[in-house]
Amino acid sequence: MSQEYEFKYSELSIMQQVISGIDIFLQDPEVNKNSRFAIVTNNAAFTSARILSRLELVNRGFNLIKVFSPEHGISVKGADGSYQKNSIDIKTALPIISLYGDRLMPTEEDLKDIDIVLFDIPDVGCRFYTYLWTMTYVMEACVKYNKQMIILDRPNPIGGNFELAEGPMLDEETCASFIGRWSIPIRHSCTLGELANYFSGKKLKGLDLKIVQVKNWDRGRITNDFYPTSPAIQNISTALVYPGLGLLEGVNLNEGRGTDKPFMQFGAPWINAKELELELTKKDRNGVDLNPCSYIPADSLYKNEICYGLELNLTDTNKFRPVAFGIDLISVLFKLYPQHVKERAYVTNVNPSGGGHLDKLLGIKNAFELLKHGNNIQTGVSQTWLSEMTSFLLYN
């Protein structure tokens with residue numbers, strides 16, 4: 001179980017702006033700056049003054065020894081699933097060890113000159129977004145090599161309302177992977193600090209974990225200050241649809257990659273957009289408008305081909321259920337285009353064959369066949385997940 005920092009930050013708290021863990025940590029008079037620190041971070045992690053977290057730690061005299069980077073690299077611009085190599089940080093001149101290259105977990109050698117590992121990476125609130133799982137591998141290494149880990153927590157940008165959490169839960173026996181190691185919902189409605197708290201209690205006992213909590217964040221809050229966390233997640237609307245539209249990576253549909261609207265539009269050369277829109281009107285479309293569109297992706301699936309499909313426009317974030325929508329969409333595609341819809345191999349650094357990607361995304365075995373044959377996949381997990389998480393939550 002974790003300990004939480006509770007010291008005062010009254011001057012800024014009065015303003016009721018959300019204050020992330022990094023800002024709290026930088027002000028903590030009890031931190032020993034001479035400890036040997038490493039940080040897991042990237043260029044999406046800033047202080048409230050818009051200074052990169054790692055740079056401000058160095059500026060404030062913290063003894064930062066090295067940097068670990070996740071998928072997409074320190075720049076957050078690496079292509080989805082692409083190998084990221086070790087490098088030197090141009091901002092701090094410190095060595096960067098990639099945790100999405102030759103290894104996913106820090107080695108004993110990586111941590112031998114480190115006392116405390118800091119973690120500061122903004123998340124997007126979705127199980128198959130990999131920053132969460134990099135966190136768990138670092139937690140595991142800290143248990144193994146007896147290091148303290150401090151999570152500099154940040155808000156869940158798509159909110160922490162458990163009524164909006166969506167499954168299915170992940171089947172660990174058949175579907176565990178780097179896009180989902182352990183059983184949580186797809187839209188989990190937690191901060192990474194809360195999930196670290198949960199995993200330290202359930203999976204990684206013995207971890208010396210501290211969580212520097214966010215101040216002035218409430219669970220119903222969706223961020224209005226979103227900085228791109230990876231090439232395809234450029235704004236808050238994309239983050240909100242991603243838990244459902246990300247499922248399209250598992251079938252032969254272009255999910256908007258290769259355009260300026262990834263996950264906000266989708267298509268394929270064989271789709272009749274009007275027909276698809278009409279069929280989807282028979283499903284629950286609360287909170288989203290759909291408009292027929294056509295586009296030519298400059299990259300990704302159907303590169304340089306005309307794709308016909310739909311563009312999403314969110315109208316009510318409290319009513320839209322992205323995972324249920326994504327499942328409905330794939331089901332409708334099977335109904336309209338059974339001869340065209342195929343399972344898609346999605347090759348990444350951690351899945352070189354690309355096989356079983358839809359199973360890994362949805363967290364259930366034989367997902368493609370289940371959807372093909374019209375099986376009902378349940379996404380309602382709010383109450384069971386809330387009761388599972390209640391004792392590990394950090395925010396009201």
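Phenylalanine 37 is buried, at 1% relative accessibility (buried means under 20% relative accessible area, exposed over 50%, partly exposed in between, with a 1.4 Å probe and protein chains only). Keep in mind that this is a predicted model, where local features need pLDDT of at least 70, side-chain atom pairs count only at pLDDT 80 or more, and totals for chains, interfaces and linings use all residues. Residues are numbered from 1 along each chain as its sequence is written, and side-chain values use heavy atoms, leaving out hydrogens and water.

**Aromatic pairs**
- There are 20 aromatic pairs, counting rings of Phe, Tyr and Trp (its six-membered ring) with centres within 6.5 Å; planes under 30 degrees apart are stacked, over 60 edge-to-face, the rest tilted.
- Phenylalanine 25 and phenylalanine 37 pair up edge-to-face, with 6.2 Å between centres and 85 degrees between planes.
- Phenylalanine 25 sits in helix 2 (residues 21-26) and phenylalanine 37 in strand 2 (residues 37-41), so their pair ties together parts twelve residues apart in sequence; helices (H or I, at least four residues) and strands (E, at least two) are DSSP runs, numbered from the N terminus.
- Phenylalanine 25 is buried too, with a relative accessible area of 1%.
- Trp133, Trp182, Tyr198, Phe199, Trp385 and Phe392 form a cluster linked by ring pairs.

**Helix 13**
- Helix 13 (residues 382-389) buries Ser382, Trp385 and Met389.
- Looking down the axis of helix 13, these buried residues fall within an arc of 75 degrees, so they line one face; the arc is that of the directions from the helix axis to the C-beta atoms.
- Gln383, Thr384 and Ser387 are exposed on the other side of helix 13.
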